[in-house]
Amino acid sequence: MIAFYEFFVRFLPDMLKGAGITVLLTAEGLSAGFILGLLASLARVYGNKFIRGLAVGYIELFRGTPLLMQLFIIYYGLPGLGITFSREWCAFLALGLNSGAYQAEYLRGSLLAIGDGQMMAGRSIGMSRAKTIWHIILPQALRLAIPAWSNEPVSLLKSTAVVFLIAVPELMAKAKSIAAQTYDPIGTYLAVALVYLAMVYLLDAFLRWVERTTRIPGFEMEGRKA
Amino acid sequence: MTNPILETRNLTKIYGQNVIFKDINLKVNEGETIVIIGPSGTGKSTLLRCINLLTSNDGGQVFLDDKEITAKGHNADEVRQQIGMVFQNFLLFNHLTALDNVMIGLTKVKKMPKDKAKEKAMEELNRVGLADRADHYPGQLSGGQQQRVAIARALAMDPRVMLFDEPTSALDPELIGEVLGVMAKLAKDRMTMLVVTHEMGFAREVADRIVFMEKGSIVEEGSPDDLFYHPKHDRTREFLWKITELYGKKEKEKGAVE
Amino acid sequence: MLRSPAPTLYPMLSNFFSYIVQGTAITIGVTLVALPFGLLLGLLMALVHTYGGKIPNRLAAIYSLLLRGVPPIVLLFILYFILSGKVINLTPFWAGSLSLGIVSSAYQMEILRGALLAVGGGQMTAARAIGMSRLQAIQTIVLPQALRLAIPPWSNEASIVLKDSSLVYALGVPEILRRAQQLSATTQQPFLAYGIAALIYFVLVFATNRALDYLSERTKLPTHP
C-alpha cells in the first residue's frame, strides 16, 4: 500500500502531463474527424457520383486498415515523398483521418434516417436543398446520431495510446519511461490503466449528460406519436 | 373570362416501364376547390408532386399565373413558396416547436425579421386553432394537431395554391374531423385548393369540382352533383358506389361533416 | 521524389511481396488465435452475466467495464508481461495473441449479450415449459438463435481484431507492419512498403467481411414470405 502511494506521489505529475497530451490529442482528433466525417457523410448521401466515390474511397481506406499502419505511413512513409510533419502533427493527422472515417458512418446512418420526408417538407416551403440540409436535416440528424456517435470519443481516447510508438509524449509514452525507472512494468502499466479508466469514465459521464440535454421532447429513434 | 390560376398541359410521368400518368390536362381557377379521387396507386400523389416541382415530369407543362413553371431555368424553390403542400404524414420538422415550424419558412426563406415572422406565425396557428400549442414539439402533439400545424406552416408562406396529398389518411378516425374542418374553412375563404383524398363527405360538401382519375388519366370531372348523381362513365359510378357505401356508413355514424 | 524504378523493379517487387506475405501469415495467425479465444471467453462471460446470479452478473459486468475502458495496447502490455514472465512463459506471438483474445472477449461479451437479449426470455420460458433444463435450453434453443443474430456485429469485431493484430508490432512480433517497416528501412521505399501493407490489410478485412456476410446469409432463418 505504501509503495503504491509512493509510486503515485512520485509519478502522478508525470502521468498527468501525459494524460493532458492524451486529452489534447483526443479533442483534436475528434474535432478534425467530425469535420471530415460530416463532409464525407454529406458527400455520400447528397453528392454526385464522383464526390460520392471520393467519400467512399476515403471511408473504406481508413476503416479497412489499422490506425497504427496509417500512423506509420504518415510518419515514415510520407517523408519518402518529400512530405515531413512533426510527430505531433503526424499523430493528429492519423487520428483525425481515422476518426473521420468512422464518424462518417455514424452520421450517414442518421442522415438516411432523417432524410427523405424532411427533405420533401423543407423543399415544399421553398427551401433549397442546401438550406434544407443545413436548417432541417442536420439539426435533427446530429441529435439523432449522438447515442451511437458517443462511442467515438471514448474509442478515440483509447486509440491515442498507440502514438507513443512515434514518441509522442502522451500517457502511454510516460508509462514506458516510468516502467523503465521502476523496473516494474506490470505495476506501472496497471497504474496507467487506472488513469485511462478514470478518463474514460469521466468522458462517458459527460457524453451521457450531453445526450440528456439535447434530447428533443417526444422525438427518439423509435416511438413517435401520430 | 380570366385564365386559370393553375394549369397543367399534357403532363406525363413515367417511372421505368410504368406510365404513372399521361397527358393530364387540368385547369384550376382561382378560389376553386378541386378534389381528386380515384383508386390508390393511380398517380394522384405523384401528380401533386409534379405540380409543385418536387418531382420532375417526363412531358408536358405546368403553368402558374400564366407563367410556365416547368420551363428550364425557372427557379423551383421560388415556385414552392407560391404552391403550398400538405403531406399525408405531416412531415413537421421534429426538432422545432409548432411555432418555429411555421416561422422557419418566413425567417429563412422569406427573410422576414423575427418579430414580424412570429406575429404572422401566431396568426396562422390561430387560424388552425392551435395558438395554445405554439411551444409544443411535434412529438407532443396528436396526429390531427400535427397536421393542422403542417397546414399553418404551408399557409404562412401565403401561397397562391394549396395542395393536399391525402391529408387525413394517416389519422385516427376521430382526429379526421378537426383537419377537414380547417380545410373546409380555407375553402370557404376562397383559397385555391387541390385535394387528393378518399373523404367523400368532404368532396361532396366542399369541392367546387371533382376529378376522377384512374390508371393514369382523368376519366371524368364535374361538379359534385354531376359526378355523384349523374356520372357519365360506368367506372366513375362503380368507384363512387363502392366508396360511398363504405363512407356513407361512416357518415351516418359521425353525423354530417362540419 | 521516389527514385526512378531500376531495371530490377520486378524482382525487387516480388521480394518485397514475399517478405510481407510472410508477415501476412503471422497476422492471420494472431487473428486466428485471438478471435476464437475471445469468442469462447466472451461467450462464457455473456452466459455468466445473463444467466448467473447476482454476484456472477456483477463480476461479469466489472470484467467488461475494465477491459473495455482501457486502451487495448495498455492491456496488451500488462497481459504480455504477465504471460511471458516467470510463471507462464509464452513467446511474444502467443502472449500477444492470447492477450488480444482476452481484450476482444470483453467486446464479444457485449455483442453476445445483446444477441441473447434480442432472443428474449420468452424462448427460455417456452423451452423450460416442455421440461428442458436451463443448460439444455441455452444449448439447443437460445444459442442457435443468438449466434445467428450476433453475426453482423461480430463481423465488425472480427475486422477490429484483424486490425488490432498490428499492435503486436510493439511486442516485436514479425507481422505485416513490422515487416513493412523493416522493408521500408532497407529499401528506402517507405511508401511502397507501407502501401503494400495497406493493400494486404484491406484485402484481408474485405475478405473477412464478405465471408461473414455469406455466413449470415446461409444461416438466416426463413421469414414470412
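These legends describe close-up views of a predicted model.

In this predicted model, local features need pLDDT of at least 70 and side-chain atom pairs count only at pLDDT 80 or more, while totals for chains, interfaces and linings use all residues. Residues are numbered from 1 along each chain as its sequence is written, chains are lettered from A in the order in which they are written, and side-chain values use heavy atoms, with hydrogens and water left out.

**View 1. A nonpolar surface patch with residues of chains A and C.** Leu81(A), Ile83(A), Phe85(A), Trp89(A) and Phe191(C) make a patch of about 440 Å². Areas come from the Shrake-Rupley method with a 1.4 Å probe.

**View 2. Leu81(A) in its loop.** Leu81(A) is found between α3 (67–77) and α4 (87–124) of chain A, where helices are DSSP runs (H or I, at least four residues) and strands are runs of E of at least two. Leu81(A) counts as partly exposed because its relative accessibility is 33%, which falls between buried (under 20%) and exposed (over 50%).

**View 3. The fold of chain C.** Chain C contains eight helices and zero strands, and its C-alpha trace spans about 75 × 55 × 25 Å along its principal axes. Of its 225 residues, 44% count as buried, and the chain exposes about 11,600 Å², of which carbon and sulfur atoms supply 69%.

How values were computed. Patches are made of residues with over 30% relative accessible area and no salt bridge: like charges are joined within 9 Å, nonpolar side chains (Val, Leu, Ile, Met, Phe, Trp, Tyr) within 5 Å. A salt bridge is a side-chain nitrogen of Lys or Arg within 4 Å of a carboxyl oxygen of Asp or Glu. Buried means under 20% relative accessible area, exposed over 50%, partly exposed in between (1.4 Å probe, protein chains only).
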